[in-house]
Amino acid sequence: MPELADLGRYTGPATLILSSLAGGAKHGYALTKDVEQFSGVRLSPGTLYAALGRLVDQKLIEPVPSDDERRRPYRITAIGSAALQSQLSEQRRVADLGLRRLKGLVTP
Amino acid sequence: MTSSADRFAACLARLYPASWRQAFPDFIDVLSAELPERPLRVVADVVVSSTVERFRSMGVVPTRPADRGRTGLAVVVAALLPFAALSIGMWSQLHTGLARQGRSAPVSLRWAVDILAGALAVGLVTATLGMMAFALGRLRRRPGQVGGADPRSSIARPAGAFLLSIGALSLTGWLADRSGWYSPAAAGLPQHGAAQLPTLWIRGIVATISPAWVHPSILVRLPLGDLTAMLAGPILTMVATASLVQVVRRLPASRSRRVDEGLAIGAVGAMALAVGACSRWLLSHPGRQGVLPHLARTDPLAPGHTGWLVVIALVALTAVAALGMRWVLGQGSRWPAVGDGRLTGGR
């Protein structure tokens, strides 16, 4: 199964994009707004579409057939859902570990 | 109505390959919406991303992690090609200078010339072995084999483009050779028969490395043959290199990763050795040609502007090959990310 870590410097943007698409199919502009709303990160168009291209190559997302030729929505695939699940679980594990250790550092 | 942001966005989108623009038709809309709010950041991001996409479409940057090994080897071979041509030119120049200086040349410099020749031989043998490994891999390829060539792609077009560009380079070298302008880069190489062909090819490439580029008054006085070689040489060299990259990428990977790794290490090692030999030459003969021409006449081994430019080109090509070698050696691994066991001390 492809892993998001294989995307190198696009791992971060790819995680945000997949998290957004987990809520439903979206096109580029809607993705930018949604990611900014839930994470505070504003993806630049070059980075956004570079990450989209790599996610399509890895079959983690796929374009949705649309009548509008100028707007192409994308949706997450089953492989993409599994890769996102794995990536977020890892991030949660690291976050939990860090928080536990920080808690241990706080001494009265 | 089309705004200035829309027009600028359409211009920026042209930095991407046409196939990429077709795959992402809504890119321009997102770009024109973002441009007015943070223009500098968006433009910088687009310039970097589009450059990467251009390189990806040329096959110079791996498109998938599985492609890294293949692309890396292609980059090594592509860097080795102009490196070999420039180094042979360099060797010829040194050989000619040593012959003029006779026994007064330092022994260490004679060794440097021998090391340069040896490193070149190793590099060329490595490249030949690499090509043979690819050819064997193609012959033995089974249907559905992982790492095999894409059946939709053909090597006929890039191979044809490679041969045509090499042929054109030889022609420009011939024009330069017949112009009457002396070039020490080709003086020590075969001048007759079939062996003259690589000499002309090297003459064509080396003619592009000339201080005349920064001296317009010299540039306009160059003979037509040299001028043609100088102008056409860079384009033809780029076409030859890009075509070779495509050929290597479209051939199947060799069956053993160790073979690929050995070839990449051998090629980069030979290139580093050749650069070391050139450094020995530059350190012992810094050269004053151009600034004090009368001193250069007394020292036939002075490198002059061109020598320095060639060495800079050799160092740059070695750096590119080292990047390719890094991809070959790291083809089985992946980039570490936050949450990876390697960063957090294991799972």
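In this predicted model, Ser44(A) lies in the loop that runs between helix 2 and helix 3 of chain A. The relative accessible area of Ser44(A) is 7%, and because this value falls under 20%, the residue is classed as buried. When the neighbours within four places in sequence are set aside, the residues in contact with Ser44(A) are Arg38(B), Arg41(B) and Asp45(B).

The contact between the two chains as a whole draws on 32 residues from chain A and 35 residues from chain B. The size of an interface is often expressed as the accessible area that is lost when the parts come together. For chain A and chain B, the area buried between them is about 2,800 Å², of which 50% is on carbon and sulfur atoms. On the side of chain A, the residues that lose the most area to chain B are Arg42(A), Pro45(A) and Tyr49(A), which together account for 22% of what that side buries.

Arg42(A) also takes part in a salt bridge with Glu37(B), in which the closest N and O atoms are 2.5 Å apart. Between chain A and chain B, 3 salt bridges are counted, and 9 residue pairs are in polar contact, with both residues at pLDDT 80 or more. The elements of chain A that give two or more residues to the side touching chain B are helix 2 (28–39), helix 3 (45–57) and helix 4 (78–105), and helix 3 of chain A gives the most, with 9 residues. Sorted by class, this side of chain A comprises 9 nonpolar, 11 polar and 12 charged residues.

Note on methods
Residues numbered from 1 in each chain as written. Chains lettered and ligands numbered in written order. Predicted model: local features only at pLDDT ≥ 70, side-chain atom pairs only at ≥ 80, totals over all residues. Heavy atoms only, no water. Contact = heavy atoms within 4.5 Å. Buried area = accessible area lost by both parts, 1.4 Å probe. Salt bridge = Lys/Arg side-chain N within 4 Å of Asp/Glu carboxyl O. Polar contact = N/O pair within 3.5 Å; in protein donor to acceptor, adjacent residues only side chain to side chain. Helix = DSSP H or I, 4+ residues; strand = E, 2+ residues; numbered from the N terminus. Nonpolar A, V, L, I, M, F, W, Y, C, P; charged D, E, K, R; others polar. Buried < 20%, exposed > 50% of the residue type's maximum accessible area, 1.4 Å probe, protein only.
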